[in-house]
Amino acid sequence: MFPCYSRATARHKAATRVALVVVVAVAWPASAEASGPDDAAALTLAAVEALALDQAPQLDATRAQAQAARERAISARQLPDPRLTAGVSNLPVNGEDRFSLSRDFMTMTGVGVMQEFPRASKRRLRGQAEALAAQIAEARRVVLEHAIRRDAALAYLDLWRPQQAARLVEAMVEEARRERSVVEIAFRAGRVPQADLLAAEVELELLHDRHARLSQDADEARERLARWTGTPVSTPLTSAEPALPSPPALPELLALVEHHPEMQVAETDIATRDNALALAREAYKPDWRAELMLAWRPDFSEMATLQLGMDLPVFTRNRQDRDVAAAAADAASVHAMHEDHARRLRADAAAAWRAWSRARQRLRRYDEVIVPAAAARAEAALAAYRAGRSELAAVLDARRAALDVSLMRLDLQVESLRRLAELRYLSA
């Protein structure tokens, strides 16, 4: 036996449930920024970034590269290793004395040492080339640290968005479930049409489907985040808005871009190419070598030989000239790419800053105009339903619109945060 409600009472109770759902939808943007009761154990953006930096094998690789280049820089400045030589001179190969080491007084068995003497300027430039390689590796490590923080933050936001949306939908699912129960009771008592019950059931199932889709998005984002944390993330993320610093004004941002670590990599690359050009020009200058050999002859005096040698760079047209031309072209190339790199960074910074600024303006419009308008529409539909001038479908329509507004605002909030992550990288 169902309790006896008047049609107006049934409408009022169903409408009250709908009103609660609408309140959840339009109040979510403000409440989502406050910490939830379980946020003490939740994973924050700062924790994810710290974990990503600690678990990044790329950073270990760049450190090893820099150390390797520093070691090679020391080696490159040294003289080449001396060479040990040994042999037999003036060995008879025919006649009665053939292959004898003692019968002919000219036959000598000797051992010697040979040393090459590359110019000190060449050795200095070769060492400098490796030192510059170490500087590039260190600069790239700094760039990589900032890039890892940026990419980890973006992956965090990719997971934070569906989790926030799921919290919103969960709250609405609970209210929709209660609403359906009230409408079902009223329908069995004959006080509301079957269409209202079917509408409430469809609305509940659609919310379940939305929640399932958000759970799927969260699972995929969680796997992508594991690329930065090293292990799958099972802890829920904090419901509070991730803390990212606001960027400086655009002129100041563009000034910071000129000293970005990426620019330092490019400038060190220029120095490396200039060093290679200087080393190519050094090839016109000959290197020296010396060889000392001691030889002995049975029954005769021992012999000593000293030989000096030098390179003869006389055919330079197709060797040294070509090497210098190639090194000059390489240097011109990196100088041109340096300017293109600076333009790209300035363009990226300006575009990201303007996109962030526009997103903040749109967020203010959502908070000041669109969200209140969605609430006013829901209240108007609710009042009309209470007065018997409209059906439940109109109220459900208003609720869906309120949910869509909340989700659109969440998307805009995430877009603004993604721009902040990019701007933090560009202003590093």
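The following questions and answers concern a predicted model and its local features.

In this predicted model, local features need pLDDT of at least 70 and side-chain atom pairs count only at pLDDT 80 or more, while totals for chains, interfaces and linings use all residues. Residues are numbered from 1 along each chain as its sequence is written, and side-chain values use heavy atoms, with hydrogens and water left out.

Reader: What span does helix H7 reach from its first C-alpha to its last?

Author: Helices (H or I, at least four residues) and strands (E, at least two) are DSSP runs, numbered from the N terminus, and H7 covers residues 261–282, 22 residues in all. The expected span of a helix is 1.5 Å times one less than its number of residues. For H7 the expected value is 32 Å, and the span it reaches is close to that, at 32 Å.

Reader: Which helices do the buried residues of H7 pack against?

Author: Buried means under 20% relative accessible area, exposed over 50%, and partly exposed in between (1.4 Å probe, protein chains only). The buried residues of H7 include Pro-261, Val-265, Thr-268, Ile-270 and Leu-277. Where contact means heavy atoms within 4.5 Å, the buried residues of H7 pack against H4 (120–188), H6 (250–257), H8 (320–386) and H9 (392–426).

Reader: Which residues is Thr-268 in contact with, leaving aside its neighbours within four places in sequence?

Author: Thr-268 is found in helix H7, and it counts as buried because its relative accessible area is 12%. With its neighbours within four places in sequence left aside, its contacts are Leu-132, Gln-135 and Ile-136.

Reader: How many residues apart in sequence are the parts tied together by the salt bridge of Arg-289 with Asp-311?

Author: The closest N and O atoms of Arg-289 and Asp-311 are 2.8 Å apart. Arg-289 lies in strand S3 and Asp-311 in the loop between S4 and H8, so the parts that the pair ties together are separated in sequence by 22 residues.

Reader: How many bridges pair S2 with strand S3?

Author: Two strands pair if DSSP finds at least two bridges between them, and S2 is joined to S1 by seven, the two running antiparallel. Val-88 has Thr-109 in S2 as its bridge partner, whereas Val-113 stands opposite Leu-292 in S3. S2 and S3 (residues 288–297) also pair in the antiparallel sense, and their bridges number nine.

Reader: What is the phi of Asn-90, and where does this residue lie?

Author: Most residues other than glycine have a negative phi. Asn-90, although not a glycine, has a positive phi of about 60°. This residue is partly exposed, with 42% relative accessibility, and its place is the loop between strand S1 (83–89) and strand S2 (108–117).

Reader: What is the phi of Phe-99?

Author: Phe-99 is placed in the loop between S1 and S2, and it is exposed, with a relative accessible area of 58%. Phe-99 is not a glycine, yet its phi is positive, at about 60°.

Conventions
Salt bridge = Lys/Arg side-chain N within 4 Å of Asp/Glu carboxyl O.
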